[in-house]
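Dear colleague,

Please find the structure below, followed by a summary of what was found in it.

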Amino acid sequence: MQVFAKLAELGSFTKVAEVMQAGRPRITRTIQELEASLGVRLFQRTTRSVKLTAEGERFYERVKEILATIADTTSMFDRSGSSLRGRLRIDIPTAFSQHSFMRSLRLFTEAFREVELVVGVTDRTVDLVAEGIDCVLRIGDLPDSSMVAREIGSAIMVTCASAHYLSAHGAPLTPQDLAGHQCVSFLSGQTNRPLPWHFSQNGEDRLHMPQGGITVNDSNAYVQCAVADFGIIQAPGISVETFLASGQLVEVLEAYRPKPRLVSVLYPSRTHLAPLVDAFVEWLKQHFPVLHPEWFNAR
């Protein structure tokens with residue numbers, strides 16, 4: 001049933017073999033034996049796709065319920081770190097892939113020693129089911145989707161530029177002054193459009209569309225553009241803390257700091273949440289506010 005459900009979700013024998021760490025012939029044989037035992041064809045196979053038949057659709061709905069019940073039943077007595085084991089695949093924003101945040105994840109691996117944590121780092125929108133990812137962390141507004149989103153806190157944003165840039169061009173005193181400055185734009189992984197900047201001014205949220213000579217779609221490259229004197233950026237404080245501490249980057253418009261950006265964890269919609277994901281989400285909600293008090297807030 002697990003192999004069948006995974007093939008129904010991914011639509012590829014090869015992908016199922018990769019995710020389940022099994023040989024492709026074994027996956028194929030398992031499905032063939034399942035179809036033979038049921039006496040029905042569950043999938044329509046072509047050279048390009050694998051799709052559920054009408055009978056397969058009906059079977060899939062029941063299988064999802066059965067697997068969810070099994071997962072819930074086998075973990076009903078103990079969800080402590082000593083009882084949980086297996087592989088947990090998560091994806092975090094590039095802005096979080098800093099030494100301080102990665103070090104914090106050790107608290108989770110120390111609490112759940114039998115859990116293997118597989119960490120992906122990307123700013124793009126990921127397909128959790130197709131890519132075999134259990135849950136993702138994301139900063140900011142979320143697109144409408146079938147994913148379940150749980151708010152775990154917020155990230156403080158900082159507007160900054162290199163000391164050399166500010167020495168040459170001066171520091172903006174108000175958001176309106178940005179019209180006379182070079183600003184680095186960040187391309188959203190969700191909309192493929194530059195993200196607007198936010199400022200708190202007179203108690204209101206004001207938007208500013210950055211204008212400059214360069215746009216990037218990676219958080220590390222975005223920060224490096226500021227370090228390389230391309231201009232001003234607005235980024236999560238955790239992603240620039242090292243450069244602020246060294247003096248390579250200097251915060252500007254601190255009096256207009258925007259409202260902290262929401263941080264959420266997303267996972268596929270299910271009646272019963274897998275124990276590993278449940279443990280990680282609960283750990284995040286409990287520990288996130290104190291991981292980096294300077295840059296993270298409790299929700």
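**Salt bridges and a buried arginine**

Arg 124 is partly exposed, at 40% relative accessible area (buried means under 20%, exposed over 50%, partly exposed in between, with a 1.4 Å probe and protein chains only). This is a predicted model, in which local features need pLDDT of at least 70 and side-chain atom pairs count only at pLDDT 80 or more, while totals for chains, interfaces and linings use all residues. Residues are numbered from 1 along each chain as its sequence is written, and side-chain values use heavy atoms, with hydrogens and water left out.

Arg 124 forms a salt bridge with Glu 131, with 2.9 Å between the closest N and O atoms (a side-chain nitrogen of Lys or Arg within 4 Å of a carboxyl oxygen of Asp or Glu). Glu 131 is partly exposed, at 27% relative accessibility. The count of salt bridges comes to 11.

Another salt bridge joins the side chains of Glu 35 and Arg 45 (2.9 Å, N to O). Glu 35 is buried at 11% relative accessibility, whereas Arg 45 is partly exposed at 29%.

Arg 138 counts as buried because its relative accessibility is 10%. The side chain of Arg 138 makes a polar contact with that of Asp 91 at 2.9 Å (a pair of N or O atoms within 3.5 Å; within protein, one must be able to donate a hydrogen and the other to accept it, and residues adjacent in sequence count only if both atoms are side-chain atoms).
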